[in-house]
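Please take a moment to look over the sequence and the model before reading on.

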Amino acid sequence: MTTSAGDKKRDQARSSLVVTKITQFIAKMNIAPLPRNYELIYEILSGHNPAMGRDILALGNAPQQHEIDLIGQRHNLPGFSRIEAEQMASAAFDTLTQISARLEASLQRTATFMDGLQHDGDGEPPVSERFLELLGDIREEQTSLRHFIAMGLVKIREAERNRMELQAASLRDSLTALPNRAAFLEKLGTLFAKERAASATSLVLLDIDHFREINGKYGSSAGNKALRRLAALFRKTIKKDDFVARIGGDEFAFLFTGVPQNTAEAIAERLRQSVEALRFATSSGDGEHLTVSIGVAEVDGAATPAEFFGQAELALLSARSGTRNCVVGYSREVAQHSRNSYLAQLGS
């Protein structure tokens with residue numbers, strides 16, 4: 001599949017629109033135009049993290065950068081998680097610097113002592129007395145230094161453990177324990193890291209139909225239980241080499257390696273039927289069924305992660321704008337039919 005010049009222009013216009021909206025929001029809130037802040041505002045404006053949007057708005061106009069950083073870290077955005085990891089690395093570096101300084105001071109004391117032995121002056125105490133006195137000082141310093149090094153190593157190990165835990169947490173959805181949007185974007189980027197993305201890899205985007213109504217009717221607790229149950233179903237459904245992540249409030253993404261689009265559509269249909277057959281308990285004791293809309297695309301023909309994701313998103317939009325509770329595979333016809341609605345969702 002090839003992309004026409006007109007399609008490219010429309011994609012460029014859409015990207016320009018998103019950047020403009022982010023820039024306007026940053027200017028309106030008097031937020032520093034840092035790369036990590038652009039990442040945060042994009043996630044808010046794209047609707048992927050409403051809770052984070054509420055947290056940012058609660059800070060008011062011209063929030064302090066450290067306040068923004070805390071929110072970004074709390075919501076596990078990669079750019080902000082790296083800041084905390086860098087702070088941990090800096091603390092470990094400071095500890096090593098202090099150890100080095102203490103060692104240098106100890107070496108200088110030893111050099112002074114040895115120099116004194118070689119230049120014994122008149123009126124000085126006997127060498128043996130000075131030897132014992134300085135030896136005692138050196139021993140005390142070395143004991144202190146050994147304790148300081150031991151404590152420093154404990155801090156370094158703790159910093160490394162915290163860094164690894166933070167890195168793992170930044171790629172994990174806290175509600176479902178599935179990989180999150182950041183992990184999905186990293187996985188998608190890895191797919192295109194080579195000169196040419198592996199062929200026969202399919203992307204499936206799944207959106208729960210009318211999920212806001214479920215939350216409104218039964219409360220967010222019931223909605224969260226439904227999300228966890230779906231996550232468990234998806235985790236059992238996929239194979240070892242496949243990948244599933246929760247990338248939005250009620251949206252999930254699957255990557256199937258070595259699976260062409262027609263096979264992925266068949267897998268997606270089985271997923272749709274499995275979800276429809278589920279019944280989750282509500283506060284009133286009744287069971288409730290869920291349905292999902294699914295879009296499918298194959299990597300062949302996509303030059304970038306954004307293009308690949310955009311194709312699957314267009315297919316999902318087509319499924320959602322119709323009867324829902326269905327599977328739609330990406331095609332040029334689907335793209336043509338969905339593009340206007342897709343741009344409208346972005347505020348065009």
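How many of the seven residues of strand 1 (residues 202–208) are buried? The model is a predicted one, and in it seven of the seven residues of this strand are buried, so strand 1 is largely enclosed by the rest of the structure. Here a residue is called buried when its relative accessible area is under 20%. In a regular strand, the side chains alternate between the two faces of the sheet. With that in mind, the residues of strand 1 can be sorted by side: Ser202, Val204, Leu206 and Ile208 lie on one side, Leu203, Leu205 and Asp207 lie on the other, and both faces are covered.

The chain has 348 residues, of which 39% count as buried, and its secondary structure comes to twelve helices and seven strands.

In strand 6, Gly295 is the bridge partner of Leu205, and Ile294 is the bridge partner of Leu206.

Strand 3, in turn, is mostly covered, since six of its six residues are found to be buried. Glu251, Ala253 and Leu255 are buried on one side of strand 3, and Phe252, Phe254 and Phe256 are buried on the other. Strand 3 also pairs with strand 2, in the antiparallel sense and over four bridges, and the two strands form a hairpin with four residues between them. Two of the facing pairs can be picked out by name: Ala245 has Ala253 as its bridge partner in strand 3, and Phe243 has Leu255. Strand 2 is likewise covered on both faces, with Phe243 and Ala245 buried on one side and Val244 and Arg246 buried on the other.

These pairings can now be put together into one picture. Five strands form an open sheet in the order 2-3-1-6-7, and the pairing within the sheet is mixed. Strand 2 (243–246) and strand 7 (327–329) stand at the edges, where each has a single partner strand, so one side of each is left without a neighbour in the sheet. From one strand to the next, the twist averages 15°.

Which helices lie against this sheet? Helix 10 packs on the sheet and touches strand 1, strand 3, strand 6 and strand 7, its direction making about 165° with that of strand 6. Helix 11 lies across strand 1, strand 3, strand 6 and strand 7, and runs at about 145° to strand 6.

Each of these two helices also packs with another helix. Two packed helices are described by the angle between their axes and the distance between the axes. Helix 9 (residues 220–237) and helix 10 (residues 261–277) pack at an angle of about 145°, with their axes 11 Å apart, and their crossing is right-handed. In this contact, helix 9 supplies Leu230, Leu233, Phe234 and Thr237, and helix 10 supplies Leu271, Ser274 and Val275; by class, five of these residues are nonpolar, two are polar and none is charged.

For helix 7 (residues 181–191) and helix 11 (residues 305–321), the packing angle is about 115° and the axes are 9 Å apart. Arg181, Phe184, Leu188, Gly189 and Leu191 in helix 7 meet Pro305, Phe308 and Phe309 in helix 11, and the residues of this contact divide into six nonpolar, one polar and one charged.

A last stop lies in another part of the chain, at helix 4 (residues 65–74), where Ile68, Asp69, Ile71, Gly72 and Gln73 are buried. Just after helix 4, Asn76 takes a positive phi of about 60°.

How values were computed: Residues numbered from 1 in each chain as written. Predicted model: local features only at pLDDT ≥ 70, side-chain atom pairs only at ≥ 80, totals over all residues. Heavy atoms only, no water. Buried < 20%, exposed > 50% of the residue type's maximum accessible area, 1.4 Å probe, protein only. Axes fitted to C-alpha atoms, helices over the stretch in contact; angles between N-to-C directions. Left-handed = near helix turned anticlockwise from the far one by under 90°. Contact = heavy atoms within 4.5 Å. Nonpolar A, V, L, I, M, F, W, Y, C, P; charged D, E, K, R; others polar. Pairing = 2+ DSSP bridges.
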